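Visitor: I have a structure to look at and some questions to ask. Could you guide me through it?

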Amino acid sequence: MASAAVLWFGEVMSAVPLRNNKAAAPAIRSVTVLGATGSIGDSTMDLLRASRDRYQVEALTANTNVQGLAKLAKEFGARFAAVADPDRLTELKDALAGTRTECGAGESAVIEAAARPADWVMAAVSGAAGLKPALAAVDRGATVALANKECLVCAGDLFMQRAAKAGACILPADSEHNALFQALGSGNREELVRVIITASGGPFRTWASADIEQATLAQALKHPNWSMGQKITIDSASMMNKGLEVIEAACLFALAPEEIDVLVHPQSIIHGMVEFSDRSVVAQLGAPDMRTPIAHCLGWPDRIVGPAAKLDLAKIGQLTFEAPDFDRFPALRLAYDALRAGRGTTTVYNAANEVAVAAFIAGKIRFGAIARLVEATMEAWMRSGNLAPLTSADDAIAVDHNARNKAVTLLPQIALKAS
Ligand code: NAD
Ligand code: MG
């Protein structure tokens, strides 16, 4: 990861375009939505629905929700629909009988969906499972709106290098990174001092460590500002989501860990800021609604009409800020550790978290044990002597699988250990 900064004007910045690199958008855009049945998928379909004449849907994918997928495929006349569960092909075919939509099932079908010739692809599968499909879109040089941060955390350098090589255009869809993307155009690399990504602080922002340790699933799922999928909502409560986003920012914009700050901002109105050498700080603001950054990606390089509420700052009255607490939210500290260690450590950070979150949802570990399991898995990885740059998706997936196995092995002892 450390070498990524030198790529700013080379491979990396040709993958995340600068504003003055604007190219004309096609009049009718063919689009594919990976993870169409999820929260980001839903927001994306909402935007497509609002401008039906401007978009042709090439492919849609889902994990197991065949009925939801088929409903969308029918509504949008999708050319291809893929369900990741290999046992659900017949169900999908039955649901789409009488339509022209081709059907596929299994991981390879999701990858095929991404490989089909759409101009614009929303990568919104959740978790590291999104890596191979997103790479399939990147490798054919598509414009990829990237919501799936885990695929960058899992294999960021590789992902950005493949994007640059194929001439793919990566548009950051995560709200904070989209904000940075919009603000970065105000200066150039030598003028950049740091980027600041904001965090709501989640439902446990004001809680004592002992209470966070014992938090229930229902409490973790009560996000104060954003309505999102289950995994990312739990990640927001642990601030693991912000940790993933620190790594995501490092990959997308080729930044060193020292150039990325996190600022707790409970109202979630300012999403990201960039400080330049003259001490100007350029920020992007908006109501907390994912349809705004997605609309920015969908319209790019132009702007389209977004459906989010108009920002009324007079009504909001106050915007407040706090420094993040790395002791009560160790997941955030671990992200910086993983980024500094590099060579697969961020992959391990993400994989262990996916295991930990699943274990927490299943009632096997306390909330506080999520970060402890991630830390123990990272320590085991760093002791293993296996650290090396990831040179292929299979490398990244092998590290991811090994880290998952290690996390599962460590789970019982972490579950028993109180903080
Ligand atoms: P979600 O759980 O609501 O939806 C995930 C989608 O991926 C669903 O369509 C599901 O069917 C599909 N999927 C899940 N596992 C799969 C697998 N193994 N193979 C193929 N498809 C699979 O999640 P979400 O909240 O929409 O988040 C999606 C991604 O976007 C995540 O990486 C998340 O971190 C990121 N993100 C989400 C938000 C948000 O507001 N929801 C904001 C920023 C970034
Ligand atoms: Mg975000």
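**Ligand, domains and backbone**

Guide: Start at the ligand. In this predicted model, an oxygen atom of ligand 1 lies 3.2 Å from a polar side-chain atom of asparagine 148.

Visitor: Which residues are the closest to ligand 1?

Guide: Count the surroundings before naming them. In total, 22 residues surround ligand 1. The closest are Thr37, Ser39, Ile40, Asn63 and Glu150.

Visitor: How far is an oxygen atom of ligand 1 from a polar backbone atom of asparagine 63?

Guide: Take isoleucine 40 to begin with. One of its polar backbone atoms is 2.9 Å from an oxygen atom of ligand 1. For a polar backbone atom of asparagine 63, the distance to a ligand oxygen is 2.7 Å.

Visitor: How far apart are the C-alpha centres of domain 1 and domain 2?

Guide: Find the bounds of each part. The domain assignment gives domain 1 as 11-178 and domain 2 as 179-418. Their C-alpha centres are separated by 22 Å.

Visitor: What area is buried between domain 1 and domain 2?

Guide: Interface size is often given as the accessible area lost when the parts come together, so that is the value to look up. Carbon and sulfur atoms give 66% of the buried area here. The total between domain 1 and domain 2 is about 4200 Å².

Visitor: How far apart are the closest N and O atoms of lysine 132 and aspartate 394?

Guide: The rule for a salt bridge asks for a nitrogen within 4 Å of a carboxyl oxygen. Five salt bridges are found across the interface of domain 1 and domain 2. Lysine 132 and aspartate 394 form a salt bridge, and their closest N and O atoms are apart by 3.3 Å.

Visitor: Which element gives the largest share of the side of domain 1 that touches domain 2?

Guide: Several elements give two or more residues to that side, among them strand 1 (29-34), helix 2 (39-50) and helix 7 (149-166). The largest share is 10 residues. They come from helix 7.

Visitor: What is phi of alanine 254?

Guide: Locate the residue, then read the angle. Alanine 254 is in the loop between helix 12 (240-253) and strand 9 (260-264). Its phi is positive, in a residue other than glycine, and near 55°.

Notes
Residues numbered from 1 in each chain as written. Chains lettered and ligands numbered in written order. Predicted model: local features only at pLDDT ≥ 70, side-chain atom pairs only at ≥ 80, totals over all residues. Heavy atoms only, no water. Domains from an automatic or database assignment. Buried area = accessible area lost by both parts, 1.4 Å probe. Salt bridge = Lys/Arg side-chain N within 4 Å of Asp/Glu carboxyl O. Helix = DSSP H or I, 4+ residues; strand = E, 2+ residues; numbered from the N terminus. Near = heavy atom within 4 Å. Polar contact = N/O pair within 3.5 Å; in protein donor to acceptor, adjacent residues only side chain to side chain.
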